[in-house]
Amino acid sequence: LVPAFDDEAVRDRFQGQRAGRDFSFVQARITQNRDARSEVVFEGQLVSLARSKRLASPAVVLRKLGWVNPSDRPDDLRAIGLEDIRFNELFAVFGSDQIEARAVVTPSVMQRLADLQSDLAATHLSVAFVEGRLLAAIDSGACFEVGGMFSTLVDRTRARRVVRDLETVLAMIDALAAL
C-alpha cells in the first residue's frame, strides 16, 4: 500500500474500538535512499480496521497518480476492471479473485473512496481488503504537530489542534468502517 522504502518511522499510535470494530492507527514517515540522500516517499496515516466479512482472497485499491506502474501491482494479483469510468481514473483495483474483488469494491465503496480521497486531500490513498481486515495508507501529511519545544504548553491553540486531529482520526475510521 506504500511505495518501496529503505527506512520508516512510526509514532502516535492509537488503538481501540470504534463502533464495535477493533482498529489500530499510526502516523508513519517512510523514506527511500536516492542518490546518497534520503527522500520522503510517504508521510501519513496507516490504519488497520476489523471488518465483519472475511475474504478468501485479497482485493487492493491503489490511487493512480496519472497511471499505476505495473511493477507497483501487488504480487500474485491481477488488474480488475470496474465499470465506473470516474473511479478508474482515480484508482486501480487488483485481486486474485475477480468475483470477490467486485463484490467488495461495490459502487457505494467506489463512491466512498473517491469522497474520502477528496475529503482528506490525500496525495495517495490505498486500501486493501485482506481476510477480516481493511488496511489503509493515507498519504496526507503529519497529524498531531502541536508546536515546537519553545512554545508554551498551556496554549489553547495547541489543545484545539490536538482535538481537531483526534476528531479527524475518528472521522477517518468512521469513513473506512463504511467501506
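**View 1. Arg-11 and Asp-12 meet side chain to side chain in a salt bridge.** The gap here is 2.8 Å, N to O; a salt bridge means a side-chain nitrogen of Lys or Arg within 4 Å of a carboxyl oxygen of Asp or Glu. Arg-11 is partly exposed at 37% relative accessible area, and Asp-12 is partly exposed too, at 28%. For these labels, buried is under 20% relative accessible area, exposed is over 50%, and partly exposed is in between (1.4 Å probe, protein chains only). Keep in mind that this is a predicted model: local features need pLDDT of at least 70, side-chain atom pairs count only at pLDDT 80 or more, and totals for chains, interfaces and linings use all residues. Residues are numbered from 1 along each chain as its sequence is written, and side-chain values use heavy atoms, with hydrogens and water left out.

**View 2. Arg-18 reaches Asp-174 in another salt bridge.** It's a 2.8 Å contact, N to O. Arg-18 sits in strand β1 and Asp-174 in helix α4 (residues 156-177), so the pair ties together parts that are 156 residues apart in sequence. Helices (H or I, at least four residues) and strands (E, at least two) are DSSP runs, numbered from the N terminus. Both ends are partly exposed: Arg-18 has a relative accessible area of 30%, Asp-174 one of 34%.

**View 3. Glu-83 and Arg-102 pair up through their side chains.** This salt bridge spans 2.6 Å, N to O. Glu-83 lies in the loop between β5 (78-80) and α1 (85-90), while Arg-102 belongs to helix α2 (residues 98-104), so parts 19 residues apart in sequence get tied together. Glu-83 is exposed, with 61% relative accessible area, whereas Arg-102 counts as partly exposed at 30%. Elsewhere, salt bridges with shared partners link Arg-34, Arg-37 and Glu-39 into one network. The structure holds 7 salt bridges.

**View 4. Strands β1 and β2 form an antiparallel hairpin.** Strand β1 covers residues 7-18 and β2 covers 21-34, and they pair over 10 bridges; two strands count as paired if DSSP finds at least two bridges between them. Look for Gln-15, whose bridge partner in β2 is Ser-24. The hairpin has 2 residues between the strands, and Ala-19 takes a positive phi near 55°.

**View 5. Zooming out, the protein chain has 4 helices and 8 strands.** From the N terminus on, the elements run β-β-β-β-β-α-β-α-α-β-β-α. Of the 179 residues, 37% count as buried.
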